[in-house]
Amino acid sequence: MNALLIVDLQKDFLPGGALATPEGDKVVAPINEMQDEFDLVVASKDWHPPDKVQHFQKWPPHCIQNTEGAEFPDNLNRENIAFVFKKGTGKDDDGYSSFEAVNRDLEAYLKEKGVTKVFIAGLTTEYCVRFTTLDALRRNFDTYVIEDAIEGVRQEEGDEEKAKKEMAEAGAQLIRAEEIPNILGH
Ligand code: VGL
């Protein structure tokens, strides 16, 4: 079994949002198109309480529970999303990795369904995509990062490249969306 994991594709991370990636809106169309390829589609959301402590000293307040900024973009196809894993819900955690979700255990969920291959798309390359990918590898999933379906927050020049290199060196396969059918044997 294979799964697509859509990481933190939320309005606050899109251009105009509270913690915008400059080109985050570019990933929505490819993510819509690729969903049919997978046995399972799941998503994660950054889901912070308003009184979050340390994380909101590092970052402008974003993805606050039950606010518009925490919603998926209106043009994202949500029909196939089997479950939304919410993380960053504590007062003190950064909650960068989707595997930190507290409403359901992502690793157990995927393993119960027999998923061995995890394909990662979404936002942001340097933080939640990176931490989620490294955690997927630690949990022994065959882990693919879809390069044309992720975008960086680009705080510093070179951060995105550094993040991609770190993911590749840890064992992730960096692929392009057009390679997915081939990898899945379709
Ligand atoms: C993220 C920065 C701060 C992310 C979350 O979703 O990648 N980045 N919080």
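Me: Two strands pair if DSSP finds at least two bridges between them. So what makes strands β4 and β5 a pair?

Reply: Strand β4 (residues 117-123) is joined to strand β5 (residues 142-151) by 6 bridges. At least two are needed, so β4 and β5 pair, and they run parallel. In this pairing K117 stands opposite D142 in β5.

Me: Thanks! What should I know about the model itself?

Reply: The model is predicted, so local features need pLDDT of at least 70 and side-chain atom pairs count only at pLDDT 80 or more, while totals for chains, interfaces and linings use all residues. Residues are numbered from 1 along each chain as its sequence is written, and side-chain values use heavy atoms, leaving out hydrogens and water.

Me: Why are β3 and β6 called edge strands?

Reply: The open sheet has 6 strands in the order β3-β2-β1-β4-β5-β6, with parallel pairing. β3 (81-87) and β6 (173-175) each pair on one side only.

Me: How do you know that helix α5 packs on the sheet?

Reply: Helix α5 (residues 159-169) touches β5 and β6, where contact means heavy atoms within 4.5 Å. Its direction makes about 165° with that of β5; such angles run from 0 to 180 degrees between N-to-C directions, with axes fitted to C-alpha atoms, for helices over the stretch in contact.

Me: Why is the pair of W59 and Y127 called edge-to-face?

Reply: Their centres are 4.9 Å apart, with 85° between the planes. Rings of Phe, Tyr and Trp (its six-membered ring) pair if their centres lie within 6.5 Å; planes under 30 degrees apart count as stacked, over 60 as edge-to-face and the rest as tilted, so this pair is edge-to-face. W59 sits in the loop between α2 (55-58) and β3, and Y127 in helix α4 (residues 125-138), 68 residues apart.

Me: Which bond joins L123 and T124?

Reply: A cis peptide bond, with omega about -10°. T124 is in the loop between β4 and α4.

Methods:
Helix = DSSP H or I, 4+ residues; strand = E, 2+ residues; numbered from the N terminus.
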